[in-house]
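I opened my notebook to work through this model one look-up at a time. Here is what I wrote down.

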Amino acid sequence: MFVKQLTVFIENRSGRLSEVLGVLKDNNVSILSLSLADTTEYGLLRLIVDNATLGREKLTENGFSSLLTEVSIIKIPHKVGSLQKILETIDKNGGNIEYMYGLSIESDMAYVVLKTSDIQKLDRILEENNIHTISCEDLANV
Amino acid sequence: MIWSKEETLPREEIEKIQLERLQETITRVYSKVPAYAKKMDEAGVKPEDIKTLKDLSKLPFVTKQDMRDNYPFGLFAVPKDKLVRIHASSGTTGKPTVVGYTQGDLETWTECVSRIACMGGATEKDVAQICFGYGMFTGALGLHYGLENIGAAIVPSSTGNSQKQIMYMQDFETSLLVATPSYALRLAEVAKEMGVEPERDLKVKIALVGSELLTDAMREEMHKFWGKDILITSNYGMSELMGPGVSGECLEHCGMHINEDYFIPEIIDPKTGEVLPEGEQGELVITCIKKDALPLIRYRTKDITRLFYEKCKCGRTFCRMENLSGRSDDMLKIRGVNVFPSQIEEVILSVEELGPHYEIILEREGFLDKLTVKVELAHSTDSFSVLEKITAEVRNKLKIILGLDAKVMLESPNTLQRFEGKAKRVKDLRSK
């Protein structure tokens, strides 16, 4: 199962990040998680939101360039070593992870966003190994 | 099609006309323009010393500074009441340079531009939208009268209000576009934003571009936006000499034919002022031989080019000047290296992931010049490796071509400034 992530390219200029988040706020797009990776000149802001398509549309209208990327969100036990075990499984089955970040933590479960270069393959590995993923619809309940 | 039979005259006949007109012009300016008489006396040349075309090189040059020193009408060869039009350059530093036209000059101008528009494929069937700024700038009115003379329907839309420009193109079925290369690209961008696909939804088949360099890379970029079949030709001129109409490209794309019965071109070494042999690159110097009001003699254009005299496949015998490689004015000296912004442009346009807009920033850090090139991503990406690959590619190519290390800054699509007239892409902050 895939979830659409919203990626925004932003120059490292003061106020840019707040401008992007302002557009989302004005259109009532709720942010569930984000990761900001940056170099000295620019950064990529990656967001999991409740309505990625609307978010992208509004960002485009406001002159921001963004992209929808498919990622997997896995639901794993909130226990020491559980993420490591899953990565080991993915690795053993020839999958690869480009980047990842946490989504949310409940008392006994945690959600992690995974980005791979071959999402069909990753999806298959996750399914075959009974690793639980969530859909766009499930996001609302996270 | 060829507009005038003069364009195909044999070389001897062209030279005969040139010599007659040159001698007449020199005699006239010597008696009517004190500033010229003074310059010629100082150089020890009299009008009767001009016996052959080669003698032209005995005459002193005229520069933009001479025009400023004689502001506004000091170099004019007719009394003010003979003028029917006055134009002026933008004059970003100090006084503008002023140019004037008699009724006869306007007719000459119209003839020259008609030839150039015809070379670029224009006919009476065209609907010609002129997206040059109307006003003191000669570009718009020059093309206006030339195209009208051919019989095209003129849409004098000027610059700005790009969405309305696209609406005119759709509703009037504009077939010919007059603009700077950068504004032509901007218009295509705006059309796309409006959901109008230039190649599919518009009828523009001819673009006459000018007032900015048209590099091969820029031409390719224009084809990408406007379609592969659009006829793109560049034309050349400057207000001091007349405005557009000095030279223009034919559809063979092998340089711009100079209207040699009105202008004599020379190529000089910009440092020594020596006339260079045929085919060598140097500064273009132009003498106006059929102008009443402001016949500039040996005007230094500061444009760097070469001249070719072989007959063109199009049938014209007028010599061709290579599409400009730069203006000596635009040339930047960065850490001792001569750099034309057009060289940087070629690099940027060769990188597929980048858009055609850019900015060049020069700063001084201690004793060193620092070159920064701001470029715009054409599309978004989710991958740092793609972003790193783009910056590395631009940096490496600049290093190979210029021998200089540059800082490359990526910007989001549509963030760099767009221009409607001449693009100002260089910010030189070194003197401040």
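This is a predicted model: local features need pLDDT of at least 70, side-chain atom pairs count only at pLDDT 80 or more; totals for chains, interfaces and linings use all residues.

**Chain A, end to end**

I started by reading chain A along its sequence, and the pattern came out as β-α-β-β-α-β-α-β-β-α-β-α. That gives five helices and seven strands.

**Size and packing**

Next I looked up how far chain A reaches. Its C-alpha trace spans about 40 × 30 × 25 Å along the principal axes. Is the radius of gyration what a compact globule would have, or what is it instead? For 142 residues the globule value would be near 14 Å, and chain A has 16 Å, which agrees.

Then I checked burial: 29% of the 142 residues in chain A are buried. I also looked at who touches whom. Counting contacts with a separation of 6 or more, 68% are between residues 24 or more positions apart in chain A.

**Two domains in chain A**

I noted that chain A is split into domain 1, covering 3-69, and domain 2, covering 72-139. Their C-alpha centres lie 23 Å apart.

**Where chain A meets chain B**

My next stop was the contact between the chains, which takes 13 residues from chain A and 12 residues from chain B. Which strands of chain A each supply at least two residues there? I wrote down strand 1, strand 3 (42-49) and strand 4 (66-77). By class, the side of chain A that touches chain B has six nonpolar, five polar and two charged residues.

**The largest nonpolar core**

Last, I went looking for the largest nonpolar core, and it has 145 residues. B:Ala184 and B:Ala207 have the most contacts inside it. Helix 4 of chain B (residues 103-119) gives the most to this core, with seven residues.

I zoomed in on B:Ala184 to list its neighbours. Leaving out residues up to four places away in sequence, B:Ala184 touches B:Leu177, B:Ala179, B:Ala207, B:Val209 and B:Met222.

How values were computed. Residues are numbered from 1 along each chain as its sequence is written. Chains are lettered from A and ligands numbered from 1 in the order in which they are written. Helices (H or I, at least four residues) and strands (E, at least two) are DSSP runs, numbered from the N terminus. The radius of gyration is taken over C-alpha atoms; the globule rule is 2.2 Å times the number of residues to the power 0.38. A residue is buried if 20 or more other C-beta atoms lie within 10 Å of its own, exposed if 12 or fewer, and partly exposed in between; C-beta atoms are placed from the backbone. Two residues are in contact if their C-beta atoms, placed from the backbone, lie within 7 Å. Domain bounds come from an automatic or database domain assignment. Ala, Val, Leu, Ile, Met, Phe, Trp, Tyr, Cys and Pro count as nonpolar, Asp, Glu, Lys and Arg as charged, and the others, Gly among them, as polar. A nonpolar core is a set of buried Ala, Val, Leu, Ile, Met, Phe, Trp, Tyr and Cys residues joined through C-beta atoms within 7 Å.
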